[in-house]
Amino acid sequence: MRCISAVFTLGSIALIMVASIQFVPVPDSAGEVVTGEQRRVAREYVLAEGARSFQQAADTLAVLYFRNRTSRPELDVLEKGMAVMLITDLAKIEGIRVVERALLQALVEELRLGTTGLVEPGTEPRMGQLLGARFVVGGDLETAASEQITIKTDLLEVPADNILGSPAANGYLDDLLRMEKELVFEIVRLLQIELTQEQIEELNKPITLDMEALMSLFRGIQSSDRGDFEEAADHYRHALGRDPGLEQARAAIAQLERLRLVQPLPSSDT
């Protein structure tokens with residue numbers, strides 16, 4: 001699995017930019033907290049905009065936050081949640097480097113888009129250029145019939161400002177895991193990536209089968225981005241209580257503890 005901060009790999013970490021800010025090191029965050037180093041890098045991205053061009057890695061993809069257009073505020077948690085699921089799956093694919101969510105969050109905060117990080121339609125190419133991504137995925141949650149939702153995405157090739165396709169999936173909220181997988185496989189098809197049977201089986205594995213655990217993970221990320229780390233830890237612990245195998249929640253709370261933003265619980269309670 002590979003996930004990057006601009007060009008970020010778990011083995012060797014590098015941010016590839018041109019001119020005076022080439023090869024800016026970014027430590028592995030291993031969680032969801034936006035670090036000071038990520039904020040510094042995001043600031044450099046914005047300051048360099050217009051003055052220097054970014055070197056876009058041919059295989060780099062950024063997943064932006066989704067816009068909730070359903071008029072159902074309880075679905076706001078999916079604005080980042082959908083991005084988290086897509087990042088998790090797409091980062092498994094050999095041949096795609098996926099921009100780390102925490103770096104994206106640092107950039108949208110630097111651009112003063114707020115903790116929601118929502119970008120207006122038409123600004124996706126700019127986000128892709130700032131992040132050094134060749135491809136950008138973004139989209140909307142919309143209302144469908146009988147309380148169903150439609151998840152619409154666009155896969156944009158940034159240099160050409162060309163939409164390669166617009167995958168969509170439809171269903172009830174309980175169908176979220178199935179809808180996300182449909183989007184992943186359609187994005188892979190549009191990127192013309194051939195998957196082995198083993199890769200297909202790996203991609204078909206759900207992040208969790210417990211919807212309450214999944215929503216708690218998403219709420220934890222929302223709280224963390226607001227700087228409410230104790231609340232975030234409560235959500236992550238609830239998620240792990242529901243599904244001890246939810247590794248994203250485990251990594252997120254481990255990062256909070258490592259950065260001393262929360263205190264570990266006594267071992268008997270973890």
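Is H238 buried, partly exposed or exposed? In this predicted model, H238 is partly exposed, because its relative accessible area is 35%, which lies between the limits of 20% for buried and 50% for exposed residues. H238 belongs to helix α8, which spans residues 229–242. Apart from residues up to four places away in sequence, H238 touches E212 and S216.

Helix α7 covers residues 211–226, and its axis is 8 Å from that of α8, at an angle of about 165 degrees. The two helices are therefore roughly antiparallel, since an angle over 145 degrees counts as such. The crossing of α7 and α8 is left-handed. On the α7 side, the contact is made by E212, A213, S216, L217, R219, G220, I221, S223, S224 and R226. On the α8 side, F229, E231, A232, H235, Y236, H238, A239 and R242 take part. Sorted by class, the contact of α7 with α8 holds seven nonpolar, six polar and five charged residues.

E32 is placed in the loop between β1 (3–4) and α1 (36–48). E32 is buried, because its relative accessible area is 13%, and the limit for a buried residue is under 20%. With neighbours within four places in sequence left aside, E32 is in contact with R101, A102, I221, S224, D225, Y236, A252 and Q255. Among these, I221, S224 and Y236 also take part in the contact between α7 and α8.

Two further partners of E32, R101 and A102, are buried residues of helix α3. Helix α3 comprises residues 101–110, and eight of its ten residues are buried, so α3 is largely enclosed by the rest of the structure. The buried residues are R101, A102, L103, L104, Q105, A106, L107 and V108. After α3 comes R112, which has a positive phi, near 60 degrees.

In soluble globular proteins, nonpolar side chains tend to be buried together. The largest nonpolar core of the model has 76 residues. Within this core, L78, M82, L86, L90 and L176 have the most contacts. One of them, L86, touches V63, F66, V137, E180, L183, V184 and I187, not counting residues up to four places away in sequence.

Notes:
Residues are numbered from 1 along each chain as its sequence is written. This is a predicted model: local features need pLDDT of at least 70, side-chain atom pairs count only at pLDDT 80 or more; totals for chains, interfaces and linings use all residues. Side-chain values use heavy atoms; hydrogens and water are left out. A nonpolar core is a set of buried Ala, Val, Leu, Ile, Met, Phe, Trp, Tyr and Cys residues joined through side-chain atoms within 4.5 Å. Buried means under 20% relative accessible area, exposed over 50%, partly exposed in between (1.4 Å probe, protein chains only). Contact means heavy atoms within 4.5 Å. Helices (H or I, at least four residues) and strands (E, at least two) are DSSP runs, numbered from the N terminus. Axes are lines fitted to C-alpha atoms, for helices over the stretch in contact, and angles run from 0 to 180 degrees between N-to-C directions. Angles under 35 degrees count as roughly parallel, over 145 as roughly antiparallel, 65 to 115 as roughly perpendicular and the rest as oblique. A crossing is left-handed if the near helix is turned anticlockwise from the far one by less than a right angle, and right-handed if clockwise. Ala, Val, Leu, Ile, Met, Phe, Trp, Tyr, Cys and Pro count as nonpolar, Asp, Glu, Lys and Arg as charged, and the others, Gly among them, as polar.
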